[in-house]
Amino acid sequence: MSERLITAADVPALLAGAEFFSTSAAGEGIDFAGVWLGDILDHTGPVRLVAAGDLDPGTVCAAIGAMGSTTAMAELPPSGDEPAVLARSLEGRCGPLGAVLPLNAASVNALFPVAAAALLGLPLIDCDGMGRVFPLIHQTTFELAGLSLAPMAAVSAGYDSLLLETGSARAERLARVVAQSAGGWLLCALYPTRVGELAGAAIPGSMSRVLEVGRVLLAHAPGRPAWTGGPAHPPWESGPAPDGGPSWEGGPFREGGPGARRVVAPHERLLAELTAVTGASVLGGGRLVEIGPSVRQAAALFPGNPVGLAVHDHDSGRLIRIEAHNELILALSDGSLAAAVPDLLCLLDRGTLRMTGPGRLTAGDLVDVLVVPAAPLWHTIPGLALGGPGAFGFPLRHPKEASR
């Protein structure tokens with residue numbers, strides 16, 4: 001068994017990791033969900049996080065995820081009864097749920113499935129269907145694998161309950177209208193299936209990855225030690241600890257041990273660990289020289305808040321332009337497409353060592369741009385059609401597609 005427990009003590013790491021995988025623009029204002037989840041776990045006890053292979057293949061499961069505005073969720077937070085409503089709605093069609101999984105392990109949807117598992121007394125499967133935030137509920141690897149989104153159960157903050165039996169794209173349209181009319185958000189249970197059907201359809205290890213990244217971010221948060229000693233040196237240091245001490249409390253130091261010339265900044269150490277954990281690459285970093293409304297509007301189907309950003313890369317002198325439509329969509333380096341959905345674009349604020357986005361940034365801030373590769377399913381021809389630049393109204397070939 002590869003089971004582990006998620007406890008209330010894990011909530012800060014969940015929050016930090018959830019922000020990272022929200023592509024920076026969609027992870028803001030989710031602290032309320034952490035408080036809510038912490039209270040639930042204090043009351044119910046820990047949640048079992050299990051691999052799909054550890055469960056009976058015939059176990060009925062469903063993906064849990066919220067759609068709508070996180071601002072609305074904070075103003076009209078869930079009460080805790082919503083998961084039971086969803087389970088009852090699906091039970092008549094699919095049988096009793098035996099497990100739940102995240103629709104996408106990012107932003108609030110990295111926390112709501114944990115709460116649902118705790119409240120229903122069910123295991124949480126360590127996988128998801130996006131590996132990031134996508135704006136539409138059917139932009140999933142489940143869809144790519146041919147799983148049916150319906151029947152889909154949904155409940156609002158006012159306990160309006162519905163069960164949809166329709167196609168994926170139509171379910172998105174209908175549910176979003178209901179969300180806007182019922183308080184701004186819905187909690188949904190969708191893609192009901194058997195655990196055995198998740199092989200090849202889900203992205204494994206998603207929740208574990210969120211927790212691992214969250215712990216890295218917390219370890220580098222200002223005011224907390226980045227390394228507490230032990231037999232190994234910190235991964236960013238090739239020589240002995242400064243001053244010969246067994247522990248180190250943060251701040252820049254000279255690479256290669258005392259006396260070396262190059263000072264390694266805190267954000268460089270954090271970037272080194274994040275890239276090691278996620279397989280990310282650093283596209284560049286420097287001063288944010290431009291931020292404002294984008295000249296390009298989002299496609300009609302997509303919820304969007306079009307914003308354009310420009311970062312002057314200090315090392316190369318390149319200008320990195322980023323397009324954001326709620327999520328960060330693509331990055332141009334001196335006019336050439338350098339990265340795009342479905343890969344994740346993330347922004348690290350060098351001042352706070354926290355993931356950030358357009359809502360937190362002003363011109364003059366120092367940021368680093370990371371690119372995290374999406375799961376292989378997203379780089380297939382159907383995956384790029386569903387979640388690539390063209391799906392967001394950008395008539396561009398994904399860099400990996402163009403190199404084939």
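Is D334 buried or exposed? In this predicted model, D334 counts as exposed, with a relative accessibility of 52%. The close-up views below begin with this residue.

**Figure 1. D334 in the loop between strand 16 and strand 17.** D334 lies in the loop that runs between strand 16 (327-333) and strand 17. Its phi is positive, at about 50°, although D334 is not a glycine. Most residues other than glycine have a negative phi. D334 counts as exposed because its relative accessibility, 52%, is over the 50% cut-off.

**Figure 2. Y159 in the loop between strand 7 and strand 8.** Y159, which is likewise not a glycine, has a positive phi of about 65°. The residue is found in the loop between strand 7 and strand 8 (161-164). With a relative accessibility of 37%, Y159 counts as partly exposed.

Figure 3. P151 is placed in the loop between helix 6 (141-144) and strand 7 (152-156). P342 belongs to the loop between strand 17 and strand 18. Most peptide bonds are trans.

Figure 4. Strand 18 (residues 344-349) pairs with strand 19 in the antiparallel sense over three bridges. Within this pair, L348 stands opposite M355 of strand 19.

**Figure 5. The largest nonpolar core, with the surroundings of I6.** This core comprises 66 residues, of which I6, F20, F112, V114 and L124 touch the most other members. Helix 1 (residues 11-20) gives the most to the core, contributing seven residues. Leaving aside residues up to four places away in sequence, I6 touches L14, L41, P46, V47, L49, V114, L124, M207 and L211. Another core, of 43 residues, lies apart from this one; L162, V341, F392 and F394 are among its members.

**Figure 6. Helix 2 and the elements that cover its buried residues.** Helix 2 (residues 31-44) has 14 residues, which at 1.5 Å a residue should span 20 Å; its end C-alpha atoms are 20 Å apart, in agreement with that expectation. The buried residues of helix 2 are F32, A33, G34, W36, L37, G38, I40 and L41. An α-helix has 3.6 residues a turn, so residues three or four places apart point the same way. The cover over the buried residues of helix 2 includes strand 1 (4-6), helix 1, strand 2 (47-50), helix 3 (70-75) and helix 5 (112-120). Just after helix 2, G45 takes a positive phi of about 90°.

**Figure 7. Packing of helix 4 against helix 5.** Helix 4 (residues 82-94) packs with helix 5 at an angle of about 75°, and the two axes are 9 Å apart. Helix 4 and helix 5 are therefore roughly perpendicular to each other. On helix 4 the contact is made by P83, A84 and A87, and on helix 5 by A116, L119 and L120.

Terms used. Residues numbered from 1 in each chain as written. Predicted model: local features only at pLDDT ≥ 70, side-chain atom pairs only at ≥ 80, totals over all residues. Heavy atoms only, no water. Core = buried A, V, L, I, M, F, W, Y, C linked by side-chain atoms within 4.5 Å. Buried < 20%, exposed > 50% of the residue type's maximum accessible area, 1.4 Å probe, protein only. Helix = DSSP H or I, 4+ residues; strand = E, 2+ residues; numbered from the N terminus. Contact = heavy atoms within 4.5 Å. Pairing = 2+ DSSP bridges. Expected span 1.5 Å × (residues − 1). Axes fitted to C-alpha atoms, helices over the stretch in contact; angles between N-to-C directions. Parallel < 35°, antiparallel > 145°, perpendicular 65-115°, else oblique.
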